[in-house]
Each structure stands twice: as structure tokens, then as C-alpha cells.
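Hi,

Here is the structure I said I would pass on.

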Amino acid sequence: DMLDIRAGEALAVNFPLQLHHMPDESVTTSNHRDRLLRMVKGLAPNVVTLVEQEANTNTAPFFPRFMETLSYYTAMFESLDVTLPRDSKERVSVEQHCLARDIVNVIACEGAERVERHELFGKWRSRLTMAGFKSYPLSAHVNSTIKVVLNSYNQNYRLVEKDEALYLGWLDRDLIVASAWK
């Protein structure tokens with residue numbers, strides 16, 4: 001009722017780099033991630049988009065989580081090197097206010113204090129499927145346009161379509177996965 005969805009009106013739900021902040025069954029028995037996905041499915045949206053980091057920092061013990069974080073953020077910082085100069089105010093802001101904060105939270109926090117809980121796309125796929133969603137194919141035209149833009153920055157960026165999702169990566173490391181669901 002609060003959304004005031006009208007008959008015949010298209011509904012799109014976009015989850016851009018947000019769902020990994022919600023606690024799941026590893027933090028609380030309430031499992032807010034799966035509950036939210038089921039609630040959204042109940043709204044019968046025309047499309048749901050999910051964009052999340054491709055990293056496994058949710059339930060991994062400390063040392064594997066540390067190694068995963070090191071691998072992921074090394075690639076992230078390397079990719080920043082070719083797009084923004086080191087003295088760029090924009091880059092410094094991203095490093096200080098986004099990346100550094102995320103790294104500290106993943107490494108130094110446990111339990112409910114850790115809000116950066118990334119999951120691999122396979123886990124997101126399972127969650128969405130269990131909530132009743134079906135994967136929705138992505139546009140080949142959009143994919144090719146994104147590849148052209150990425151290559152204009154640097155040839156080490158890559159975009160791969162697999163598992164009905166787009167994997168944005170740096171060299172051999174997947175960084176971000178985007179998918180659509182119905």
C-alpha cells in the first residue's frame with residue numbers, strides 16, 4: 001500500500017550494491033535477505049536487477065576472508081590506477097570513504113558489527129531462485145556497448161556474460177556481477 005502500485009503500472013526493483021549489507025541466516029535467525037526477496041517477489045515486479053560485488057566475505061572464517069579481501073581490493077585498487085590519478089580528489093574520496101571503510105569492516109568486525117557481507121553470485125542465484133524469481137536474459141546490445149566503454153579506459157577491464165549475468169572484472173578477477181530477474 002505504501003508504494004501505491006496501480007494496476008497496469010510497471011514495477012522495477014533495483015538492488016545496486018545494497019543487499020550484501022542486510023544480515024542473513026549467519027547473523028540472525030530472522031534472515032532479512034531472504035525475507036526481503038520474498039516480499040519483493042510478492043509485489044510481482046516486471047524486473048528485479050541485482051548488482052553485487054563478486055567476493056566471498058560473508059561466512060568465511062577470518063583467514064580465508066582476509067585473503068579474499070586482499071585479492072578483491074588489490075584488483076579494485078589496480079583498476080583505479082588506470083582510471084584516476086593518485087592525487088585526484090575523486091579517487092582519494094573513493095579510497096577513504098568507500099574502499100577503506102569496507103576493508104576495515106570486512107577484516108576487523110564480526111557478528112552484527114560486520115555489515116560488509118559479500119556473497120558470490122551462485123549464492124545470490126540460489127537466494128533469488130528460492131524466493132521464486134527466474135533469471136531474465138540481458139541485452140546483447142547493452143553488453144557490447146559496455147565492453148566498448150570499458151575498453152576505452154583500459155584493455156585489462158573485462159566483461160564476461162555467463163550464468164545469465166554480466167561479470168565485470170579486472171584482469172583475471174571478477175569484481176562486480178549484474179543480473180536481472182523476473
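Some housekeeping before that. This is a predicted model, so please read everything with that in mind: local features need pLDDT of at least 70, side-chain atom pairs count only at pLDDT 80 or more, and totals for chains, interfaces and linings use all residues. Residues are numbered from 1 along each chain as its sequence is written, and side-chain values use heavy atoms, with hydrogens and water left out.

**Spaces**

Rolling a probe the size of a water molecule over the atoms shows where empty space is left. The search ran on a 1 Å grid over the protein atoms alone: a cavity is a set of points where a 1.4 Å probe fits but cannot get out, while a pocket is an open set with protein on both sides within 12 Å along at least five of seven lines. Lining residues have an atom within 4 Å of a point. Grid points are joined across faces, edges and corners, and a volume is the space filled by probe spheres set on the points. Helices (H or I, at least four residues) and strands (E, at least two) are DSSP runs, numbered from the N terminus.

The largest pocket holds about 670 Å³ of space. It is lined by 24 residues, and those closest to its centre are L17, M76, V94, L99 and I176. Helix α2 (62-83) gives the most to this lining, with six residues. At least two residues each come from β2, α2, α3 (89-108), α5 (140-153) and β6 (173-181). By class, the lining of the largest pocket divides into 15 nonpolar, six polar and three charged residues (nonpolar is Ala, Val, Leu, Ile, Met, Phe, Trp, Tyr, Cys and Pro; charged is Asp, Glu, Lys and Arg; the others, Gly among them, are polar).

The second largest pocket has about 210 Å³ of space. Its lining has 15 residues, with L138, I146, L166, A178 and S179 closest to the centre. Strand β6 gives the most here, four residues, and β2, α5, β5 (165-170) and β6 each supply at least two. The lining of the second largest pocket has 11 nonpolar and four polar residues but no charged ones.

L50, E52, Q53, E54, E119, F121, W124 and V177 line it. The elements giving two or more residues to that lining are β2 (47-53) and α4 (121-130), with the largest share, three residues, from β2. That lining has four nonpolar, one polar and three charged residues.

**Helix α1**

Which residues of α1 (residues 32-42) are buried? They are R33, D34, L36, L37 and V40 (buried means under 20% relative accessible area, exposed over 50%, partly exposed in between, with a 1.4 Å probe and protein chains only). Seen down the axis of α1, these buried residues fall within an arc of 160 degrees, so they line one face of the helix; the arc is that of the directions from the helix axis to the C-beta atoms. The buried residues of α1 pack against β1 (12-16), β2 and α4, where contact means heavy atoms within 4.5 Å. On the face turned away from the buried side sit the exposed residues M39 and G42.

Two strands pair if DSSP finds at least two bridges between them. Strand β4 (residues 157-162) runs antiparallel to β5, joined by six bridges, and R158 has G169 in β5 as its bridge partner. β5 also pairs with β6 in the antiparallel sense, over six bridges, with W170 opposite R173 in β6. Five of the six residues of β5 are buried, so this strand is largely enclosed by the rest of the structure.

**Backbone angles**

N31, in the loop between β1 and α1, has a positive phi near 50 degrees although it is not glycine. N31 is buried, at 13% relative accessible area. D163 lies in the loop between β4 and β5 and has a positive phi near 55 degrees. D163 counts as partly exposed, at 45% relative accessibility. In the hairpin of β5 and β6, which has two residues between the strands, L171 takes a positive phi near 50 degrees.

Cheers
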